[in-house]
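Please keep the sequence and the model in view while reading.

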Amino acid sequence: MKIKNSEFISSNLDYRKCPKTKESEIALIGRSNVGKSSLINSVLKKKSITKVSNKPGKTKFINHFLINKKWYLVDLPGYGWSKVDKKEKSKIKKIIKEYILYRKNLSCIYLLIDSKIDIQKIDIKFINWLILKNIYFAIVLTKSEKNINESKEKIENFKKIFKYHNLCPDFLITSSHKKIGINEVLKHIGKLI
Ligand code: GDP
């Protein structure tokens with residue numbers, strides 16, 4: 001798929017206030033610092049389309065980008081902030097969970113995992129929740145430019161765990177810095193929408 005057009009539409013704290021539309025949405029989520037903004041910029045071939053949505057205080061928002069005037073890419077709040085207090089964390093959790101559970105036109109969640117570090121407890125917790133709620137997701141390894149083979153090994157291990165749940169999610173290996181796997185992400189999105 002080619003990106004001909006992309007525009008930032010809105011930031012919202014509540015799924016009910018998100019754009020009223022029936023167009024497909026692909027949402028990205030991951031721990032803070034996983035490389036989500038960089039991946040969005042790489043996929044949309046923009047230097048910093050996420051600049052608007054990444055302003056201080058905006059990190060807990062659901063950000064909608066309209067792509068090719070046809071589908072939405074959704075930047076969900078990151079999870080696992082270390083400097084955020086408990087009350088704020090539970091607010092962010094609610095924003096994320098409600099959006100995922102109730103947004104009817106959500107086609108797929110791309111769950112980003114940093115390939116430079118091991119998968120964290122909070123990632124496993126989140127994956128378990130997605131499985132429990134029967135949410136369709138794919139896993140995107142980020143920052144893989146120096147460890148493609150390790151990333152492939154990681155994927156094989158993941159697959160064993162998922163097989164236990166009778167699941168076989170798609171996996172994508174990416175690096176925004178070296179533009180690895182970006183076309184594969186676009187192809188994957190193309191198939192989904
Ligand atoms: P976000 O908090 O998930 O939106 O993450 P950012 O996109 O802001 O990236 C967090 C950090 O990871 C920054 O220091 C980026 O430069 C770095 N980063 C992002 N993508 C890559 C990548 O492909 N490779 C490497 N090595 N670092 C990356």
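The account below begins with a helix and then turns to salt bridges.

This is a predicted model, in which local features need pLDDT of at least 70 and side-chain atom pairs count only at pLDDT 80 or more, while totals for chains, interfaces and linings use all residues. Residues are numbered from 1 along each chain as its sequence is written, and side-chain values use heavy atoms, with hydrogens and water left out.

Helix H5 spans residues 182-192, and its buried residues are Ile-182, Val-185, Leu-186, His-188 and Ile-189 (buried means under 20% relative accessible area, exposed over 50% and partly exposed in between, with a 1.4 Å probe and protein chains only). These residues lie on the same side of H5 because they cover an arc of only 160° around the axis. An α-helix has 3.6 residues a turn, so residues three or four places apart point the same way. Lys-187 and Lys-191 are exposed on the face turned away from the buried side. The cover over the buried residues includes strand S2 (25-30) and helix H1 (36-43).

The whole structure contains 9 salt bridges (a side-chain nitrogen of Lys or Arg within 4 Å of a carboxyl oxygen of Asp or Glu). In one of them, the closest N and O atoms of Lys-69 and Glu-7 are 3.3 Å apart. Lys-69 lies in the loop between strand S3 (62-67) and S4, and Glu-7 in strand S1, so the pair ties together parts that are 62 residues apart in sequence.

Glu-25 and Arg-103 also form a salt bridge, at 2.6 Å from N to O. Glu-25 belongs to strand S2 and Arg-103 to the loop between helix H2 (86-102) and S5, 78 residues apart. Both Glu-25 and Arg-103 are buried.

Technical notes
Helices (H or I, at least four residues) and strands (E, at least two) are DSSP runs, numbered from the N terminus. The arc is that of the directions from the helix axis to the C-beta atoms. Contact means heavy atoms within 4.5 Å.
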